[in-house]
Amino acid sequence: MIDLKRFEAECQLEIPLLNAMQLSFVDYKNLTLTMEAPLAPNINNKGTAFGGSIASICLFGGWAVSTLSFIDRDIHNTEIVVYKNEMIFERPAKGLLTVEAHIKSDDFEACLARLSTDDPGRVRLDIHVDLFHDDVRCAAMQGLYVVWLK
């Protein structure tokens with residue numbers, strides 16, 4: 001079972017930007033991580049969420065959901081990095097930011113299968129992240145991450 005608060009504390013210790021953004025972990029289940037961040041530390045000069053904060057939160061969410069998904073399968077020896085991503089900013093976010101990072105089950109199972117081969121090399125993994133305010137999607141990220149075993 002995942003100790004989400006412990007994972008959050010480790011991430012905050014190792015990635016100081018998370019503290020500045022006041023990003024918190026809400027839930028992890030079924031290859032989906034939910035996080036929240038208040039507007040105040042992520043605000044721009046227009047009174048809305050800064051695009052750089054949104055992008056950073058989404059990129060981190062992709063890494064975090066993939067890391068948690070491997071830990072959930074008792075795999076602790078992965079390295080995961082973003083390879084490329086595409087962001088869409090649909091509307092301004094004017095308050096509490098809620099983020100949902102998700103991996104499709106079929107994609108994750110295919111990644112696991114490839115990693116279990118004799119010479120897995122680097123395996124690509126697609127991750128989708130949505131950012132909401134008041135249950136309305138404000139931004140979306142499609143990320144391609146690369147995973148390999150240490």
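Lys5 is exposed, at 53% relative accessible area. Keep in mind that this is a predicted model. Now look across at its partner. The side chain of Lys5 meets that of Glu8 in a salt bridge, 3.2 Å from N to O. Is Glu8 buried or exposed? Glu8 is buried, with a relative accessible area of 8%. The cut-off for buried is under 20%, so Glu8 falls in that class. Both residues sit in helix 1, residues 4–14. They are 3 residues apart, about one turn of the helix.

Next pair. Arg73 and Glu109 form a salt bridge, with their closest N and O atoms 2.3 Å apart. What does this pair tie together? Glu109 is in helix 4, residues 105–115, while Arg73 is in the loop between helix 3 (51–72) and strand 3 (78–89), so the bridge links parts 36 residues apart in sequence. Glu109 is partly exposed, at 34% relative accessible area. Arg73 also counts as partly exposed, at 42%.

Third pair. Glu90 bridges to Arg137, and here the closest N and O atoms are 2.8 Å apart. Glu90 lies in the loop between strand 3 and strand 4 (97–102). Arg137 is in strand 6, residues 136–149. The pair therefore ties together parts 47 residues apart in sequence. Glu90 is partly exposed at 35%, and Arg137 is partly exposed at 31%.

Which residues join Glu90 in a network? Asp130 and Arg137 do, through salt bridges that share partners.

And the total? The whole structure holds 7 salt bridges. Among them are Lys5 with Glu8, Arg73 with Glu109, and Glu90 with Arg137.

Note on methods. Residues are numbered from 1 along each chain as its sequence is written. This is a predicted model: local features need pLDDT of at least 70, side-chain atom pairs count only at pLDDT 80 or more; totals for chains, interfaces and linings use all residues. Side-chain values use heavy atoms; hydrogens and water are left out. A salt bridge is a side-chain nitrogen of Lys or Arg within 4 Å of a carboxyl oxygen of Asp or Glu. Helices (H or I, at least four residues) and strands (E, at least two) are DSSP runs, numbered from the N terminus. Buried means under 20% relative accessible area, exposed over 50%, partly exposed in between (1.4 Å probe, protein chains only).
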